Amino acid sequence: MGAIGAVAPQAVGDLITELSSFTKFRDRIDGLLRDLKASPAGPGKVGEDTMGRDRFGGGEKGWMEAEALHGSYFAVIKELEGLSQLLSDSIEGMSIAVLASHKGYENVDLDVRERMLAIQGSTETHHKAEQAAADAAAAKEHKPSVKSNKPGHTSGGTVY
């Protein structure tokens, strides 16, 4: 019994250290999420101040090149908005995962679980859209489709 008593204080100390590490890590993730949402790169702010078609010159539909450039600009802004939202969701998901790993998933509030499921759903939707675009591009170029069942795999390359 003496050996167990000697080990128990060390185990308690390890648990306290682990909890402290989880708490610090979660706080850092939450800080990153707050900073991202407040920055100009935040999901709601990326596309707030876009340039209209007239800023590209040539008048309304005057230059085909200006029209194409504006279309590309608009597409890039939409992609940046989507990527910013995906990054924000990923950081929030990491924060929830840290919380769940500490408390246990069954001990996490129902609304937090639902938010995690919503993040997972939007990530899967994004992945499927990326996969469909890659498949369409491959079909257009008469190349074999690149299949990946891994959410987040968007490189279009070989899955290892």
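Entry 1: I looked up Val 76 and found it in helix 2. A reminder to myself: this is a predicted model. Buried or exposed, or something in between, for Val 76? Val 76 counts as partly exposed, because its relative accessibility is 48% and the band for that class lies between 20% and 50%.

**Entry 2: Ser 88.** I stayed in helix 2, which covers residues 64–103, and moved to Ser 88. Ser 88 has a relative accessible area of 1%, so I noted it as buried. What does Ser 88 touch, once its neighbours within four places in sequence are left aside? I listed contacts with Leu 33, Leu 36, Lys 37 and Pro 43.

**Entry 3: salt bridges.** How many salt bridges are there? My count came to 3.

I started with Lys 78 and Glu 81, whose side chains meet in a salt bridge at 3.1 Å, N to O. Why are these two about one helical turn apart? Because they sit 3 residues apart in helix 2. I also looked up the exposure of Lys 78, which counts as partly exposed at 43% relative accessibility.

Next I took Asp 89, whose side chain meets that of Arg 115 in a salt bridge at 3.0 Å, N to O. This pair links distant parts of the chain, with Asp 89 in helix 2 and Arg 115 in helix 3 (residues 110–140), 26 residues apart. Asp 89 counts as buried, because its relative accessibility is 5%. Arg 115 is partly exposed, with a relative accessible area of 29%.

Then I followed Arg 115 to Glu 92, where the side chains form a salt bridge, again with 3.0 Å from N to O. Here too the pair links distant parts of the chain: Arg 115 belongs to helix 3 and Glu 92 to helix 2, 23 residues apart. Glu 92 comes out at 17% relative accessibility, so I wrote it down as buried, the cut-off being under 20%.

**Entry 4: putting the pairs together.** Which residues are linked in a network of salt bridges? I wrote down Asp 89, Glu 92 and Arg 115. In my sketch, Arg 115 is drawn with a line to Asp 89 and another to Glu 92.

Technical notes: Residues numbered from 1 in each chain as written. Predicted model: local features only at pLDDT ≥ 70, side-chain atom pairs only at ≥ 80, totals over all residues. Heavy atoms only, no water. Helix = DSSP H or I, 4+ residues; strand = E, 2+ residues; numbered from the N terminus. Buried < 20%, exposed > 50% of the residue type's maximum accessible area, 1.4 Å probe, protein only. Contact = heavy atoms within 4.5 Å. Salt bridge = Lys/Arg side-chain N within 4 Å of Asp/Glu carboxyl O.
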